[in-house]
Amino acid sequence: MPTGLLSEKSRHRNLLLGLSAIAFGHLALEACNNILPILYPTIVERLGLSYTPVRLIALVHGAFGSFPQPLFGWVTDRSGGRVLGWTSLAWLGVWAAAIGFTQGYALLLVCVSLMGIASAMYHPVGASGASEIFPDRSGTAISVFSLGGS
C-alpha cells in the first residue's frame with residue numbers, strides 16, 4: 001500500500017476525531033445546560049420560591065446564552081477560538097457546580113447567567129471549528145456539530 005494513501009487515511013481519521021471532539025463538547029454543554037429544568041423543583045423547595053422567579057431563571061439563562069454569541073463569534077473570527085472552546089466548557093462546569101452551593105436567589109441568578117455565557121462562548125467556536133475541519137463539506141460538519149448538541 002502506498003505511503004501517501006496511509007497518511008491520507010490517517011489525516012482523515014484525525015479530522016474525524018477533531019469533529020467528534022467538537023460535537024461531544026457540544027453534547028456536554030447542552031447536557032449541562034438542560035439540567036436546569038430538572039433542578040427547578042429542588043430550587044423552588046430549597047429557596048422557598050414560587051414558579052414566577054423560576055421563569056426569570058430560565059429567561060436569564062437564555063438571554064445570557066444568546067445575546068453575547070455575536071461578540072464571541074467576532075472574538076473567534078479574530079483569534080481562532082481554540083482556547084475559548086475549552087475555556088467555555090470548564091467555565092460552564094464551574095458555574096453549574098456552583099448552583100449546588102447557592103443559598104440565595106441573587107447568587108443563583110449570577111451562576112445561571114455565567115452558565116449562559118459559557119454557552120454563548122462555545123457555539124460560535126464549535127460551529128467555526130467544525131466548518132474549518134471540513135471546509136469542502138462544511139454543511140455536513142455543521143450538521144454533526146448540531147447533532148452533538150441535540
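This is a predicted model: local features need pLDDT of at least 70, side-chain atom pairs count only at pLDDT 80 or more; totals for chains, interfaces and linings use all residues.
Visitor: How are two packed helices described?

Guide: Two packed helices are described by the angle between their axes and the distance between the axes. Take α6 and α7: their axes lie 8 Å apart, and the packing angle is about 140°.

Visitor: Are α6 and α7 parallel, antiparallel, perpendicular or oblique to each other?

Guide: Angles over 145 degrees count as roughly antiparallel, and the angle here is about 140°. The pair α6 and α7 is therefore oblique. The crossing of α6 past α7 is right-handed. On the α6 side the contact is made by Y122, H123, G126, A127, A130 and S131, and on the α7 side by S138, A141, I142 and F145.

Visitor: At what angle do α4 and α6 cross?

Guide: Helix α4, residues 69–79, crosses α6 at roughly 45°, and the two axes come within 8 Å. That angle makes α4 oblique to α6. The crossing of α4 and α6 is right-handed. From α4, the residues in contact are Q69, F72, G73 and T76; those from α6 include I117, A120, H123 and V125.

Visitor: Which residues touch the most other members of the largest nonpolar core?

Guide: I57 and I99 do, in a core of 28 residues. The elements giving two or more residues to this core are α1 (3–33), α2 (36–47), α3 (51–66), α5 (82–99), α6 (105–133) and α7 (138–149). The largest share, nine residues, comes from α6. Leaving aside residues up to four places away in sequence, I57 touches Y40, I43, Y105, L108, L109 and V112.

Visitor: Which residues are included in the second core?

Guide: The second core is separate and has seven residues, including F72, L84, I117 and A120. Of these, F72 of α4 and I117 and A120 of α6 also take part in the contact between those helices.

Visitor: Which residues of α5 are buried?

Guide: They are L84, G85, S88, L89, L92, A96, A98 and I99.

Visitor: Why does S88 count as buried?

Guide: Buried means under 20% relative accessible area. S88 counts as buried because its relative accessibility is 0%. Not counting residues up to four places away in sequence, S88 touches A118, M121 and Y122.

Definitions and conventions. Residues are numbered from 1 along each chain as its sequence is written. Side-chain values use heavy atoms; hydrogens and water are left out. A nonpolar core is a set of buried Ala, Val, Leu, Ile, Met, Phe, Trp, Tyr and Cys residues joined through side-chain atoms within 4.5 Å. Buried means under 20% relative accessible area, exposed over 50%, partly exposed in between (1.4 Å probe, protein chains only). Helices (H or I, at least four residues) and strands (E, at least two) are DSSP runs, numbered from the N terminus. Contact means heavy atoms within 4.5 Å. Axes are lines fitted to C-alpha atoms, for helices over the stretch in contact, and angles run from 0 to 180 degrees between N-to-C directions. Angles under 35 degrees count as roughly parallel, over 145 as roughly antiparallel, 65 to 115 as roughly perpendicular and the rest as oblique. A crossing is left-handed if the near helix is turned anticlockwise from the far one by less than a right angle, and right-handed if clockwise.
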